[in-house]
Amino acid sequence: MEKLKKIYKQYEEIINYVMVGLLTTVVSLATYFICVHTFLDANNAFEIQIANVISWILAVAFAYITNRIFVFKSKSKNYLKEITSFVLLEF
């Protein structure tokens, strides 16, 4: 168990980044499927695009918050600059 803790501490940022990335994928897919199976029509191309946009927005918001807290442990008070650069990197 101590060996695992040592490996985790050595690669903490990378491990956390991968875990957050996987969870972000789950959030994106779950949001998309909830949208098209509840209030949007899966047979309508325009509504599928709406589901994609909603899914992307929620996934990026989730990724920003979780990466800020768990991966990079940011203490910056300049949220606007930080989120702007994060979202622009997503494009």
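A salt bridge is taken here as a side-chain nitrogen of Lys or Arg within 4 Å of a carboxyl oxygen of Asp or Glu. With this rule in hand, K9, E12 and K73 are found to be linked in a network of salt bridges. The structure is a predicted model, in which local features need pLDDT of at least 70 and side-chain atom pairs count only at pLDDT 80 or more, while totals for chains, interfaces and linings use all residues. Residues are numbered from 1 along each chain as its sequence is written, and side-chain values use heavy atoms, with hydrogens and water left out.

Side chains of opposite charge can pair when their charged atoms come close. The count by the rule above comes to 4 salt bridges. K9 counts as exposed because its relative accessibility is 58%, the classes being buried for under 20% relative accessible area, exposed for over 50% and partly exposed in between, with a 1.4 Å probe and protein chains only. K73, also in the network, is partly exposed, with a relative accessible area of 41%. K73 sits in the loop between α3 and α4, where helices (H or I, at least four residues) are DSSP runs numbered from the N terminus. The backbone of K73 deserves a glance too: its phi is near 50°, a positive value in a residue other than glycine.

A further salt bridge joins the side chains of E2 and K5, at 3.9 Å from N to O. Both residues belong to helix α1 (residues 2-10) and lie 3 residues apart, about one turn of the helix. E2 is classed as exposed because its relative accessibility is 59%, whereas K5, at 48%, counts as partly exposed. The salt bridge between the side chains of R68 and E82 has an N to O distance of 2.5 Å. This pair links distant parts of the chain, with R68 in helix α3 and E82 in helix α4, 14 residues apart. R68 is buried, its relative accessible area being 13%.

Attention now turns to the nonpolar residues. In soluble globular proteins, nonpolar side chains tend to be buried together. A nonpolar core is a set of buried Ala, Val, Leu, Ile, Met, Phe, Trp, Tyr and Cys residues joined through side-chain atoms within 4.5 Å. The largest such core has 5 residues in all, namely Y32, C35, V36, L40 and A51. Helix α2 gives the most to this core, with 3 residues. Not counting residues up to four places away in sequence, A51 touches Y32, C35, V36 and L40, a contact meaning heavy atoms within 4.5 Å.

T31, found in helix α2, counts as buried at 11% relative accessibility. Beyond residues up to four places away in sequence, T31 touches I54, S55 and L58. S55, for its part, is found in helix α3 and is buried at 3% relative accessibility. With residues up to four places away in sequence again left out, S55 touches S28, T31 and Y32. I48 also lies in helix α3, but at 23% relative accessibility it counts as partly exposed. Leaving aside neighbours within four places in sequence, I48 is in contact with Y32, D41 and A42. The C-alpha atoms of I48 and Y11, 37 residues apart along the chain, are separated by 39 Å. T38, which lies in helix α2, is exposed at 57% relative accessibility.

Lastly, the pocket search used a 1 Å grid over the protein atoms alone, a pocket being an open set of points where a 1.4 Å probe fits, with protein on both sides within 12 Å along at least five of seven lines. The largest pocket has a volume of about 200 Å³. Of the 14 residues that line this pocket, Y17, A63, N67, F86 and E90 are the closest to its centre; lining residues have an atom within 4 Å of a point. Grid points are joined across faces, edges and corners, and the volume is the space filled by probe spheres set on the points. Helices α2 (12-38), α3 (45-71) and α4 (79-90) each supply at least two residues of the lining. By class, the lining holds 9 nonpolar, 4 polar and 1 charged residues, where Ala, Val, Leu, Ile, Met, Phe, Trp, Tyr, Cys and Pro count as nonpolar, Asp, Glu, Lys and Arg as charged, and the others, Gly among them, as polar.
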